[in-house]
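Trainee: I'd like to learn how to read a model like this one. Could you take me through it feature by feature?

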Amino acid sequence: MLRHEFHPGKLVLGLFLLIAAIAYAGDAGGIWDTPWFLAFPLLLAGLLLGGAAAAVSYGIRGRPTARTADRGADGSTDA
């Protein structure tokens, strides 16, 4: 059983941030030359695709439900 829900939007955004970090790390290490403006399209594409993935995930799964262990027998959330 999973300990938490899978969030594909965060995964997509994280991959694009990782790509941007690798691009600038390669530039800093002298492996290749990365233009300074490369981060803007990468981050914008990551945000847009991550938002689309989150919207599709929300459309498929619907709203997250509260755990049944947190609720009492009558469905209230009182402690």
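Predicted model: local features only at pLDDT ≥ 70, side-chain atom pairs only at ≥ 80, totals over all residues.

Trainee: Which residues make up the largest nonpolar core?

Mentor: A nonpolar core is a set of buried Ala, Val, Leu, Ile, Met, Phe, Trp, Tyr and Cys residues joined through side-chain atoms within 4.5 Å. Buried means under 20% relative accessible area, exposed over 50%, and partly exposed in between (1.4 Å probe, protein chains only). Here the largest core has five residues: Val12, Phe16, Ala20, Leu42 and Ala53. Helix 1 and helix 2 are the elements that give it two or more residues, and helix 1 gives the most, with three. Helices are DSSP runs (H or I, at least four residues), numbered from the N terminus.

Trainee: What does phenylalanine 16 touch?

Mentor: Contact means heavy atoms within 4.5 Å. Leaving aside residues up to four places away in sequence, phenylalanine 16 touches Leu42, Ala45, Gly46 and Leu49.

Trainee: How many salt bridges are there?

Mentor: Look for a side-chain nitrogen of Lys or Arg within 4 Å of a carboxyl oxygen of Asp or Glu. You'll find one salt bridge: glutamate 5 with arginine 61, their closest N and O atoms being 3.6 Å apart. Glutamate 5 sits in the segment before helix 1 and arginine 61 in helix 2 (residues 39–61), so the pair ties together parts 56 residues apart in sequence.

Trainee: And how many aromatic pairs?

Mentor: Rings of Phe, Tyr and Trp (its six-membered ring) pair if their centres lie within 6.5 Å; planes under 30 degrees apart are stacked, over 60 edge-to-face, the rest tilted. The structure holds two pairs. Tryptophan 36 and phenylalanine 37 are edge-to-face, at 5.7 Å centre to centre and 90 degrees between the planes. For tryptophan 36 and phenylalanine 40, the centres are 6.4 Å apart and the planes at 85 degrees, so that pair is edge-to-face.

Trainee: Is tryptophan 36 buried or exposed?

Mentor: Tryptophan 36 is exposed, at 65% relative accessible area.

Terms used:
Residues numbered from 1 in each chain as written. Heavy atoms only, no water.
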